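Please consult both while working through the points below.

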Amino acid sequence: MSINNSSKLFSLFEEKLGDRAQFNAPLAPHVAYQVGGPADILVFPNNEEELNWIDTLAKSNQIPQTVIGTGTNLLVVDEGIRGIVISLAKAFQTIEEIPSNEPGKVWIKCGGGVLKPTLLKWAIEKGYTGLEFSSGVPGTIGGGIYMNAGTKYGCYGDILKELRFFDFNTGFKQLKRQDLHFSYRESEVRNSLVIWAMFELQHGDSATIRKEVDRIILERAEKQPLDFPSCGSTFKNGSDYSSGRLIEKAGLKGLCVGGAEISTKHANFILNKGNATAKDILTLIDIIKVRVREQFGVTLECEVCVLGGQLEGTKSQKN
Ligand SMILES: Cc1cc2nc3c(=O)[nH]c(=O)nc-3n(C[C@H](O)[C@H](O)[C@H](O)COP(=O)(O)OP(=O)(O)OC[C@H]3O[C@@H](n4cnc5c(N)ncnc54)[C@H](O)[C@@H]3O)c2cc1C
C-alpha cells in the first residue's frame, strides 16, 4: 500500500483518528506566512500511542513524515508536502510544575504543542523568571526547541533541563540537557518530534517580570514589521555581520516579487503583503542571496525552514 494507493490507507487513518486525520489538507491556514500547498495527510495525534501508531503505519508504507508547529518559521512550497504532516495543535498542551529539590528553582514540564506566549504568560502570573528572553517570539515550544529559538537575551537551550522526544529513527527518547547540543538557532533534535521540554526557572516577582517582558515587546515592535505575515528573520546573522544590514546596504529594502516584499522597516523580514505565493518568497530569498554574495562576498544562511515539494523522506530542508 502506498500514498498513491490511498483509499485503504485513508480508511485506516479515519478509523483511528476520526476528523483528526485530514486528506489533501491545505497547510496555508496552519502556517504564519499563509502560503503553500496541501499535505497529503495532516494528522493531529492526541498522545504518544497515536504517534507510535502513525509512525508504524508510515514506515510500513514508506511514507515520509514531517512535523509542524504553528509555522512561524516555515515556508511550505506551493506544491505542498508529500506524505504525513504531524501537528501537535490539538494536544501536547499541558504545563506542569515539577517539585524541584533546589531552593529558589522551579522545574516546568511543558508540552511540545504549548504556545510560547502561553507559557510566558503562565510564568508571569506564577512569578517565575527565566523566560523573559522569549518575549515576542511566536510559535510552539516544540518548534522553539527544534530551532533553539531565542533573542539577544537568551534561548531555549539555556533553560532546558530535560527533553522527551520521538526520534523517527529510534523511537521515544528522554535526555538530560548535558546530553544534548544546542547552538545559534540549531538543536540536535533533528528528524524527531518534541513531546515535552522541562525548563528550569527561578522564583521572581510577577510585576518585575511583566515590566521586563513589556519592555522587550516594545523594543521589538519598534524595529520589526509586525503588520503583515512573515517568519521573522529570514537569514541567520553571522558572527561579524547583521544579515538585515547587508540586505539594506545592497539596496534591496522594499523590493517586491508578486505579493512578497522585503520589508522597508527591517530588511531581514520578507512579508506576505496579501497574495504572495511561496514561489514569490523563495524568489526574493534567491535574489537576496545572489546580490549579497556578489556585493559583500557573504553567503547568507536561511533561518526559515523550507518544507515540501519532492523532498520525499526528508523532514526539512534549509537553504
Ligand atoms: C514575527 C516573528 C518574529 C519572530 N521572532 C523570532 C525571534 O526573535 N527569535 C527566534 O528564534 N525566532 C523568531 N521567529 C521564528 C519562529 O517564531 C521560531 O523559530 C519558532 O520557534 C518556530 O516555532 P513554530 O512552532 O512556529 O515552528 P514551525 O515554524 O512550525 O517549525 C519550525 C521547524 O521546527 C520543526 N518543529 C516544529 N514543531 C516541532 C516539534 N514539536 N518537534 C520537532 N520539530 C518541530 C518543524 O519541522 C520545522 O523544521 C519569529 C517569527 C515571527 C513570525
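Which residue has a backbone N or O atom that lies 3.0 Å from an oxygen atom of the ligand?

1. That residue is Pro138, whose backbone N or O atom lies 3.0 Å from an oxygen atom of the ligand; a polar contact is a pair of N or O atoms within 3.5 Å. The side chain of Thr140 places an N or O atom 2.6 Å from a ligand oxygen. A backbone N or O atom of Val194 is 2.7 Å from a nitrogen atom of the ligand. Taken alone, the ligand exposes 960 Å², of which the protein buries 95% (accessible areas by the Shrake-Rupley method with a 1.4 Å probe).

2. This is a predicted model, in which local features need pLDDT of at least 70 and side-chain atom pairs count only at pLDDT 80 or more, while totals for chains, interfaces and linings use all residues. Residues are numbered from 1 along each chain as its sequence is written, and side-chain values use heavy atoms, with hydrogens and water left out.

3. The ligand is surrounded by 33 residues (a heavy atom within 4 Å of it). Domain 1 (6-90) and domain 2 (95-213) both contribute residues to this shell, so the ligand lies between them; the domain bounds come from an automatic or database domain assignment.

4. Ser187 counts as buried because its relative accessibility is 7% (buried means under 20% relative accessible area, with a 1.4 Å probe and protein chains only). A polar atom of the Ser187 side chain lies 2.9 Å from the backbone oxygen of Tyr146, and the side chain of Ser187 reaches the backbone nitrogen of Val189 at 3.1 Å; within protein, one atom of such a pair must be able to donate a hydrogen and the other to accept it, and residues adjacent in sequence count only if both atoms are side-chain atoms.

Technical notes. Buried < 20%, exposed > 50% of the residue type's maximum accessible area, 1.4 Å probe, protein only.
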